[in-house]
Amino acid sequence: MASAEELLESLGVSIDPGTLRLALTHRSYSYENDGIPTNERLEFLGDSVLGLAVTDYLYRTYPDLPEGDLAKLRAALVSTRALARIARRLGVGRHVRLGEGEQRTGGSDKDSILADTMEALIGASYLSTDVETARQLVLRLVTPLLSDKEAMTAGKDWKTTIQELAAAQGLGEVRYMVEGEGPDHSRTFTAVLTIGSVPYGTGSGSSKKDAEREAARLTADQISSADDADILTLVLGRG
C-alpha cells in the first residue's frame, strides 16, 4: 500500500494516523479481519460536511439562481461519479484497505468505493482539524469540477438533452440509426444520431441504448461549446 504521507500531501491536510487508517478501511477488509471498525461512520460525517460546504459555496457564488437550479448543481458536484473522479485524480484507490475478494474484483477502482472513501476522508479531516479546514479541503477538491464538462454531466440524460437542444435551436427531428455486429453473446452496436438530415455524433456500446446515449453525448459536445456557461446550461437543462 502506498504511504499515508503521500495521500496527505495530495489532500493538503493533516489527519491523525488512527483516523486516517479508519477512513481508509472498507467493510470488506473488516469482514476478513475480525470485524474491526470501518469507515462508514466517517463517511456519514463527511457527507454532511461536503453537502454544507458545497451548498454554501453555490449559494454565495450564484446569487441569482433559484433553489431548483442550485439543487441540480449540488447534485452534480457531490455525485458518486464526481467524487470517484476526484479520488482517481488523487490516487486514493491504492490507499484503501480492501478485503481480498474486493481486491480481486477491482474494488480499488469502483466508483462507489472511491466516492465513499472520499467522504470518509473529508469526515476525517473535519475530526482531525476543524470545520474551516475541512470546508477549504472540499472547495479545493470540488470547485474545479465546475469547469469540467465531463464530470458535471456524467449522469446526464443525454437523449433528453439533445431533444431539448434541438427543439430550442430549431434544428429539426432527432433520429438514431442503429446497427449491430458480432455474435449474439457479444454484440456491439453503433448508433448515428441525425438532426433533420444532418448527421452528428456516432456512438457505440454493448446495447442499442448505450450506443444511442453515447451518440447523444457526443452530439451535445458538437452543438454546445465547452465554456463554463454552457456547462451550467447542460447541467440545469436549459436550451
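1. Asp34 sits in the loop between α3 (27–31) and α4 (40–61). Helices here are DSSP runs of H or I with at least four residues, numbered from the N terminus, and strands are runs of E with at least two. Asp34 is not a glycine, yet its phi is positive, at about 60°. Asp34 counts as exposed because its relative accessibility is 81%; the cut-offs are over 50% for exposed, under 20% for buried, and in between for partly exposed, using a 1.4 Å probe and protein chains only.

2. This is a predicted model, in which local features need pLDDT of at least 70 and side-chain atom pairs count only at pLDDT 80 or more, while totals for chains, interfaces and linings use all residues. Residues are numbered from 1 along each chain as its sequence is written, and side-chain values use heavy atoms, with hydrogens and water left out.

3. Helix α12 covers residues 208–223, which is 16 residues. The expected span of a helix is 1.5 Å times one less than its number of residues. The buried residues of α12 are Ala211, Glu212, Ala215, Ala216, Thr219, Ala220 and Ile223.

4. Helix α12 also holds both Asp210 and Arg213, 3 residues apart, or about one turn of the helix. Asp210 and Arg213 form a salt bridge, with their closest N and O atoms 2.8 Å apart. The term means a side-chain nitrogen of Lys or Arg within 4 Å of a carboxyl oxygen of Asp or Glu.

5. By the same rule, the count comes to 11 salt bridges. One of them joins Arg94 and Glu6, at 2.5 Å from N to O. This pair links distant parts of the chain, 88 residues apart: Arg94 is in the loop between α6 (80–90) and α7 (100–104), and Glu6 is in helix α1 (residues 4–11). Arg94 has a relative accessible area of 44%, so Arg94 is partly exposed. Glu6, at 31% relative accessibility, is partly exposed too.

6. Another salt bridge is formed by Glu173 and Arg175, whose closest N and O atoms are 3.4 Å apart.
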